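Colleague: I'm new to this one and would like to walk through it with you. Could you put it up first?

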Amino acid sequence: MGLRELKGYVWRGLAGAYRISGASRLRHRGTVAILTYHRILSAQDLTTDVVQAGMYVRADVFRMHIEFLRSRFEVLSLQELLERWRRDDWNRNASACVITFDDGWLDNYRHAFPILKQYNIPATIFLPTDFIGTSRWFWPDQLQYYLQVVAQPTFGSGRRAEFYAALVEGISAGGRALSVPISGEVAPDEWGDEAIEACKGLDPEYLEKLLATLCAGFGFQLPNQRVVMNWDEVREMSAHGVSFGSHSCSHRLLDQISPDECRAEASRSYDALRKNGVNLVPVFCYPNGNYSEGAKEAVKAAGYDAAVSCNTGLERESPSDLYALRRISLHQDISATRDLMGLAISGLR
């Protein structure tokens, strides 16, 4: 039995014990869990798409999540949550949740939307507005694609070693380091995730040039495949209970750009949402959860009523920080069964 499989057994045991203990009802009483999803994928998608681990929930598991949440929580829209806080209207004996999605993935439209519509469940999707209706890919998926290409036997061992060396050198030259070293042509299983995490700390312009250099130097060509939704799909979802907030324009990390750029990201994305006639909720979502006090001020100044972060935890009758609301991130590995889902949304894992 491998370490990963052993961890899976342990977590499933803990999740079952958590359910039997009844601690879940006490944990959630008087709270709201703002849940974060990214991609919702079919079994077929998982065989064809470039997918980062920790970024997806399978569509059949997402359906189970919705049935679980309906049976245990009052599912609020994000707008209703903000209004309850404004009215000071809070039931301290009830448990509530809000469903959110980051990035505007096309699979949200294809797989999550039909399930949300079937159960009449509200949700909010945060859009990086410059990407909507385009065939652009987020840079982590570009890098993930490159790593998948070089791992193919046909790529050649010498070229593979050259690619790894060029990527490591590029990350190092940008002032970052990998905690999992690599030499030669064989990368450890976790190395791709490590490389993506290291690249998140690079200057955005430098990272763009690094990826372009690798693409040109090794002859990569991204598939001509749209991965985010378009404005027609956004408007169709808007007409059926899905609201949309801003995830910036460019998806750059706001703690790595100038104050003027922060203000432009917040205001220009807000304008794009209004211009395209979506069911708009005036809430901002920081890309990758990265924010600074300056970024919070820029979001406030642009006119948003609130912002969500990636800080883990539950919210209560008064928001912990209206411009850095806590959320709980869900993905397949930690929520594939009802017991695991029950533990995952506690925010304790």
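Predicted model: local features only at pLDDT ≥ 70, side-chain atom pairs only at ≥ 80, totals over all residues.

Colleague: What about Asp 103, what is its phi?

Modeller: Asp 103 is not a glycine either, and its phi is positive at about 95°. Asp 103 sits in the loop between strand 5 (95-102) and helix 6, but this residue is buried, with a relative accessible area of 4%.

Colleague: Which residue just after helix 5 takes a positive phi?

Modeller: That is Asp 88, with a phi of about 55°.

Colleague: Staying with helix 5, which of its residues are buried?

Modeller: In helix 5, which covers residues 78-87, the buried ones are Leu 78, Leu 81, Leu 82, Arg 84 and Trp 85. They span an arc of only 160° around the axis, and therefore they lie on the same side of helix 5.

Colleague: Then at what angle do helix 8 and helix 10 pack?

Modeller: Helix 8 (residues 157-173) and helix 10 (residues 204-218) pack at about 165°, and their axes are 11 Å apart. Because angles over 145 degrees count as roughly antiparallel, helix 8 is roughly antiparallel to helix 10. The crossing of the two is right-handed.

Colleague: Which residues make that contact?

Modeller: From helix 8 the contact uses Arg 159, Glu 162, Phe 163, Ala 166, Leu 167, Gly 170, Ile 171 and Ala 173, while helix 10 brings Tyr 206, Leu 210, Leu 214, Gly 217 and Phe 218. Sorted by class, the residues of this contact are 9 nonpolar, 2 polar and 2 charged.

Colleague: And how do helix 6 and helix 11 cross?

Modeller: The axes of helix 6 (residues 106-119) and helix 11 (residues 231-238) come within 10 Å and cross at roughly 35°, in a left-handed crossing. Leu 106, Asn 108, Tyr 109 and Phe 113 of helix 6 meet Glu 233, Glu 236 and Met 237 of helix 11, which gives 4 nonpolar, 1 polar and 2 charged residues.

Colleague: One more topic: what does Gln 52 touch?

Modeller: Setting aside residues up to four places away in sequence, Gln 52 touches Pro 140, Asp 141, Gln 144 and Ile 196. Gln 52 is found in the loop between helix 3 (43-48) and strand 3 (56-58), and is buried at 11% relative accessible area. The C-alpha atoms of Gln 52 and Asp 193 are 8.1 Å apart, although 141 residues separate the two in sequence.

Colleague: Last one, is Met 341 buried or exposed?

Modeller: Met 341 is buried, with a relative accessible area of 0%, and its place is in helix 15 (residues 338-344). Apart from neighbours within four places in sequence, Met 341 has contacts that include Tyr 37, His 65, Phe 68 and Leu 330. Met 341 and Val 61 are 280 residues apart along the chain, with 9.7 Å between their C-alpha atoms.

Methods:
Residues numbered from 1 in each chain as written. Heavy atoms only, no water. Buried < 20%, exposed > 50% of the residue type's maximum accessible area, 1.4 Å probe, protein only. Helix = DSSP H or I, 4+ residues; strand = E, 2+ residues; numbered from the N terminus. Arc of directions from axis to C-beta. Axes fitted to C-alpha atoms, helices over the stretch in contact; angles between N-to-C directions. Parallel < 35°, antiparallel > 145°, perpendicular 65-115°, else oblique. Left-handed = near helix turned anticlockwise from the far one by under 90°. Contact = heavy atoms within 4.5 Å. Nonpolar A, V, L, I, M, F, W, Y, C, P; charged D, E, K, R; others polar.
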